[in-house]
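Please prepare a short report on the structure shown below, covering its fold, its strand pairing, its surface and the confidence of the model.

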Amino acid sequence: MSKTAASDRLEFPFTTELVTNRRGQIAKVVLSLQDYRALIEAVEDAGLYRAMKRVAKEKSLSRAAALALLDAK
C-alpha cells in the first residue's frame, strides 16, 4: 500500500490512502466512512434529481388512481 502523494491528493480529494498494483497504478482507494456515506448520498441525490426531472411534466395522479394503476400491473 502506498500513502497518497500531493499530486494524487488533487485528483482524489477524499482518499485517505491509495492502493497501487505492482506497476504502480492506482488499484483501490481508501475513504473514511464519513466521506463514503457523503459520496453515496450525493450519488443517490443525483439519481433522484434525474428521475424527478424526467417526470416533471407528467400529470399527477390522485392516490386512488395511482393505487388502481399499481393493482392493474
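## Order of elements

Read from the N terminus, the elements of the chain follow the order α-β-β-α-α, giving three helices and two strands in its secondary structure. Helices (H or I, at least four residues) and strands (E, at least two) are DSSP runs, numbered from the N terminus.

This is a predicted model, in which local features need pLDDT of at least 70 and side-chain atom pairs count only at pLDDT 80 or more, while totals for chains, interfaces and linings use all residues. Residues are numbered from 1 along each chain as its sequence is written, and side-chain values use heavy atoms, with hydrogens and water left out.

## The hairpin

Strand β1 (residues 15–20) and strand β2 (residues 26–31) run antiparallel and are joined by five bridges; strands pair if DSSP finds at least two bridges between them. T20 stands opposite I26 in β2, and five residues lie between the strands of this hairpin, where G24 takes a positive phi near 85°.

## Burial and contacts

Of the 73 residues in the chain, 7% are buried, that is, under 20% relative accessible area with a 1.4 Å probe, protein chains only. The chain exposes about 6,800 Å², of which carbon and sulfur atoms supply 57%, as computed by the Shrake-Rupley method with a 1.4 Å probe.

Among contacts (heavy atoms within 4.5 Å) between residues at least 6 apart in sequence, 0% join residues at least 24 apart.

## Confidence

The average pLDDT (the predictor's confidence in each residue, from 0 to 100) of the chain is 87, and 86% of the residues score at least 70. Where pLDDT is low, the predicted coordinates should not be read in detail.

Methods
Buried means under 20% relative accessible area, exposed over 50%, partly exposed in between (1.4 Å probe, protein chains only).
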